[in-house]
Amino acid sequence: MKINSLAVIGAGIAGMVVARTLADAGVDVTVFDKSRGTGGRLASTRVGTLTADMGAPWIVPEKTEMGRWLKSFSEVTDCWTPARADFALAGSTDEQTGLVATPRSSALTRQLAAGCRLVPETLVTVVWPDQEGVMLRDSGSEPLGHFDRVVVATPAPQASPLLDAVPRFRQRADEAGTEPAWVYVVELDNRPERLQSMDWLEGDHPLFRRVVRDSSKPGRTGEVWVLEARSEWSHEYIHLTPETVGAEMQAAFEVLAGEPLTVVSSRVHRWLYAHAVPCGCDELSLWDPGTGIGACGDWLHTGGMEGSWQSGLDLARKLLASGH
Ligand SMILES: Cc1cc2nc3c(=O)[nH]c(=O)nc-3n(C[C@H](O)[C@H](O)[C@H](O)COP(=O)(O)OP(=O)(O)OC[C@H]3O[C@@H](n4cnc5c(N)ncnc54)[C@H](O)[C@@H]3O)c2cc1C
């Protein structure tokens with residue numbers, strides 16, 4: 001059956017790759033997301049008058065399949081080679097270049113949304129096939145329309161209830177795991193003296209997974225740092241208030257910097273499903289021709305950003321093949 005309409009639930013990288021590929025093939029694509037904007041775990045946030053990337057610090061290392069694909073979006077992507085060090089502040093000689101979206105992470109998914117109808121601030125709660133196609137409903141049980149095909153591109157715990165109509169897919173989603181992450185975004189009045197020549201700290205630390213100077217990325221200004229807590233720490237302190245977490249992370253940052261820091265503005269975010277622990281299946285994406293429902297995301301196959309992208313691309317190809 002020719003595909004006339006497609007609904008994508010989730011405007012992260014996986015969903016937007018499907019959306020853009022199908023829109024380019026002439027399909028009428030509608031993208032629903034419960035958030036105000038696009039990006040999902042590639043989202044950006046306001047901090048004071050600036051913006052910062054709250055999710056993955058860069059999209060992907062340059063020399064990967066996804067890196068090569070991203071270079072075709074050169075108007076919103078740029079290369080970045082951060083000065084890296086461990087938490088003892090020993091510089092790394094292992095130079096790595098990654099791709100970042102400019103002027104902020106969410107610019108990429110925004111660009112991918114061109115040609116699609118984007119419906120933000122809409123939590124989809126029901127995905128159900130009937131005689132007119134696949135029907136969607138929002139959190140108030142209001143109908144959102146019927147579509148020829150529907151793609152669920154959300155983290156596994158949010159995908160599970162949306163995959164009720166295909167029990168095999170729901171089971172896959174239930175088998176995947178997730179790890180949380182607290183993230184502290186802070187704008188300082190000045191760059192700390194000890195961190196003058198460092199953009200990216202990672203390694204062994206009881207609290208931090210990574211500390212990144214967001215302002216060092218191409219197209220950014222100011223003095224903004226993004227601090228990501230380790231999964232274990234985030235898990236242990238998942239029920240603390242953002243204020244308490246911010247104070248803990250600030251104190252640990254001051255120890256690293258070796259001086260008290262003056263905060264201009266800050267924001268704390270709790271990612272409940274930051275990192276997927278994939279379900280272990282060997283399918284890159286899930287597609288059920290009987291119902292017209294598919295699923296993709298980092299919880300299938302390898303996980304991570306590139307896993308999401310590959311999953312989305314794989315599903316887009318299956319959908320295109322199903323329409324001819
Ligand atoms: C702090 C942090 C650091 C990371 N670091 C790395 C890294 O270094 N390397 C790496 O490879 N990966 C990293 N990741 C993971 C990477 O960001 C994700 O794997 C990837 O972005 C997932 O993309 P996705 O499209 O599958 O899902 P998401 O980006 O999560 O997109 C899903 C979207 O679905 C929406 N949604 C969910 N439920 C509904 C619903 N019912 N109705 C409507 N909309 C809904 C959400 O709002 C969201 O926008 C990191 C993630 C975080 C948070």
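## Two domains in a predicted model

The domain assignment of the protein chain gives domain 1 (5-42 + 108-175 + 279-322) and domain 2 (45-102 + 177-276), the bounds coming from an automatic or database domain assignment. This is a predicted model, in which local features need pLDDT of at least 70 and side-chain atom pairs count only at pLDDT 80 or more, whereas totals for chains, interfaces and linings use all residues. Residues are numbered from 1 along each chain as its sequence is written, and side-chain values use heavy atoms, with hydrogens and water left out.

## Where the domains meet

Taken over C-alpha atoms, the centres of domain 1 and domain 2 are separated by 28 Å. In the contact between them, 19 residues of domain 1 meet 22 residues of domain 2, contact meaning heavy atoms within 4.5 Å. The area buried between domain 1 and domain 2 is about 1700 Å², and carbon and sulfur atoms give 71% of it; buried area is the accessible area (1.4 Å probe) that two parts lose on being put together, summed over both. R41, L108 and W309 supply 37% of the area that domain 1 buries against domain 2, more than any other three residues.

Between domain 1 and domain 2 the count is 0 salt bridges, a salt bridge being a side-chain nitrogen of Lys or Arg within 4 Å of a carboxyl oxygen of Asp or Glu. The count of residue pairs in polar contact between the two domains, with both residues at pLDDT 80 or more, is 6. A polar contact is a pair of N or O atoms within 3.5 Å; within protein, one must be able to donate a hydrogen and the other to accept it, and residues adjacent in sequence count only if both atoms are side-chain atoms. On the side of domain 1 that touches domain 2, the elements that give two or more residues are helix 1 (13-24), helix 3 (106-112), helix 4 (156-159) and helix 8 (304-322), where helices (H or I, at least four residues) and strands (E, at least two) are DSSP runs numbered from the N terminus. Helix 8 gives the most to this side, with 4 residues.

An open sheet of 6 strands, with mixed pairing, has the order 7-15-16-17-14-18; two strands pair if DSSP finds at least two bridges between them. The edge strands are strand 7 (84-85) and strand 18 (263-277), each of which pairs on one side only. Helix 7 (residues 242-257) packs on the sheet and touches strand 14 (177-188), strand 15, strand 16 (208-213), strand 17 (224-229) and strand 18, its direction making about 65 degrees with that of strand 14. Axes are lines fitted to C-alpha atoms, for helices over the stretch in contact, and angles run from 0 to 180 degrees between N-to-C directions.

Strand 7 pairs with strand 15 (residues 200-202) in the parallel sense over 2 bridges, and W200 in strand 15 is the bridge partner of R84.

An open sheet of 3 strands has the order 10-11-12, with antiparallel pairing. Strand 10 (124-130) and strand 12 (143-147) stand at its edges with a single partner strand each, so one side of each is left without a neighbour in the sheet. Direction ignored, neighbouring strands of this sheet are turned by 20 degrees against each other on average.

Strand 10 and strand 11 (residues 133-138) pair over 6 bridges, with G133 in strand 11 as the bridge partner of D130. Strand 11 and strand 12 are joined by 4 bridges, and they form a hairpin with 4 residues between them, in whose turn S141 has a positive phi of about 65 degrees. Elsewhere, strand 3 (residues 44-47) and strand 4 (residues 50-53) run antiparallel and are joined by 4 bridges, V47 standing opposite L50. In the hairpin of strand 3 and strand 4, which has 2 residues between the strands, G48 takes a positive phi near 60 degrees.

## A salt bridge and backbone features

A search of the whole structure finds 18 salt bridges. One of the salt bridges joins D298 to R41, with the closest N and O atoms 2.7 Å apart. D298 lies in the loop between strand 20 (293-295) and helix 8, and R41 in the loop between strand 2 (28-32) and strand 3, so the pair ties together parts that are 257 residues apart in sequence.

Most residues other than glycine have a negative phi, and most peptide bonds are trans. L89, in the loop between strand 7 and strand 8, has a positive phi of about 65 degrees although it is not a glycine. The peptide bond from T102 to P103 is cis, with omega near 0 degrees, and P103 is found in the loop between strand 8 (98-101) and helix 3.
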